[in-house]
Amino acid sequence: ESVWESKEQALDKAADFFIEKLKADTPVATGKLRDSWERTDKYYNVRYIYNTDLSPKNIPIANLVEFSEKGKPFIRPCFEKNKQEIIDIIVKGVKAQ
């Protein structure tokens, strides 16, 4: 049970780390997109990171930036750039137990 709790805490730290990296890499011209990153810990063993900023037509701005014809993808590149550090945070948190 203590390993489970350590893993959950490590996932929280890794998700928070990634949110900070996303904020740093979010294009400035996207309005409040930069400050709208959140995570959920609703499910055990999983963290979902998402953005709450919506267009006037209720389309997630992050989707428009990532996938529209004029989009400039930054989410996947940000993840790939920081993947090893995210893994290291999780492994370190579990090993600390």
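**Briefing: charges, core and aromatic pairs in a predicted model**

Lys81 is exposed, because its relative accessible area is 58%, which lies over the 50% cut-off for that word. Asp25 itself counts as partly exposed, at 27% relative accessibility.

**Salt bridges**

- The structure holds 9 salt bridges, and among them is the one between Asp12 and Arg47, whose closest N and O atoms are 2.6 Å apart.
- This pair links distant parts of the chain, given that Asp12 sits in helix 1 while Arg47 is found in the loop between strand 1 and strand 2, 35 residues apart; both Asp12 and Arg47 are buried.
- Asp16 and Arg39 also meet through their side chains in a salt bridge, at 2.7 Å from N to O, and here helix 1, which holds Asp16, is linked to strand 1, which holds Arg39, across 23 residues.
- Asp16 is partly exposed at 33% relative accessibility, and Arg39 is likewise partly exposed, at 26%.
- A network of salt bridges links Glu8, Asp12, Asp16, Arg39, Asp41 and Arg47.

**Nonpolar core**

- In soluble globular proteins, nonpolar side chains tend to be buried together.
- The largest nonpolar core in this model has 13 residues, of which Phe18, Leu22, Leu33, Trp37, Val65, Phe74 and Ile86 touch the most other members.
- Helix 1 (2–25), helix 2 and helix 3 (75–95) each supply at least two residues of this core, and the largest share, 5 residues, comes from helix 1.
- Phe18 is buried, with a relative accessible area of 9%, and, leaving aside its neighbours within four places in sequence, Phe18 is in contact with Ile49, Ile75, Cys78, Phe79 and Ile86.

**Aromatic pairs**

- A pair of aromatic rings is described by the distance of the centres and the angle of the planes.
- A search of the whole structure finds 4 aromatic pairs; in one of them, the ring centres of Phe18 and Phe79 are 5.8 Å apart and the planes stand at 85 degrees, so the pair is edge-to-face.
- This pair joins Phe18 in helix 1 to Phe79 in helix 3, 61 residues apart, and Phe79 is partly exposed, with a relative accessible area of 27%.
- Trp37 and Phe74 form another aromatic pair that is edge-to-face, with 6.3 Å from centre to centre and 80 degrees between the planes.
- Trp37 lies in strand 1 and Phe74 in the loop between helix 2 and helix 3, 37 residues apart, so that distant parts of the chain are linked; Trp37 counts as buried at 8% relative accessibility, as does Phe74 at 7%.

**Loops and surface**

- Tyr43, Tyr48 and Tyr50 make a nonpolar surface patch of about 320 Å².
- Tyr43 lies in the loop between strand 1 (37–40) and strand 2 (48–51), and this residue is partly exposed, with a relative accessible area of 43%.
- Asn45, placed in the loop between strand 1 and strand 2, has a positive phi of about 75 degrees although it is not a glycine, and at 40% relative accessibility Asn45 counts as partly exposed.
- Asn58, in the loop between strand 2 and helix 2 (61–67), has a positive phi of about 65 degrees, again without being a glycine, and Asn58 is exposed, with a relative accessible area of 58%.

Definitions and conventions:
Residues numbered from 1 in each chain as written. Predicted model: local features only at pLDDT ≥ 70, side-chain atom pairs only at ≥ 80, totals over all residues. Heavy atoms only, no water. Patch = residues over 30% accessible without salt bridge, like charges linked within 9 Å, V, L, I, M, F, W, Y side chains within 5 Å. Areas by Shrake-Rupley, 256 points an atom, 1.4 Å probe, with all protein chains shown as cover. Salt bridge = Lys/Arg side-chain N within 4 Å of Asp/Glu carboxyl O. Helix = DSSP H or I, 4+ residues; strand = E, 2+ residues; numbered from the N terminus. Buried < 20%, exposed > 50% of the residue type's maximum accessible area, 1.4 Å probe, protein only. Core = buried A, V, L, I, M, F, W, Y, C linked by side-chain atoms within 4.5 Å. Contact = heavy atoms within 4.5 Å. Phe/Tyr/Trp six-rings, centres within 6.5 Å; stacked < 30°, edge-to-face > 60°.
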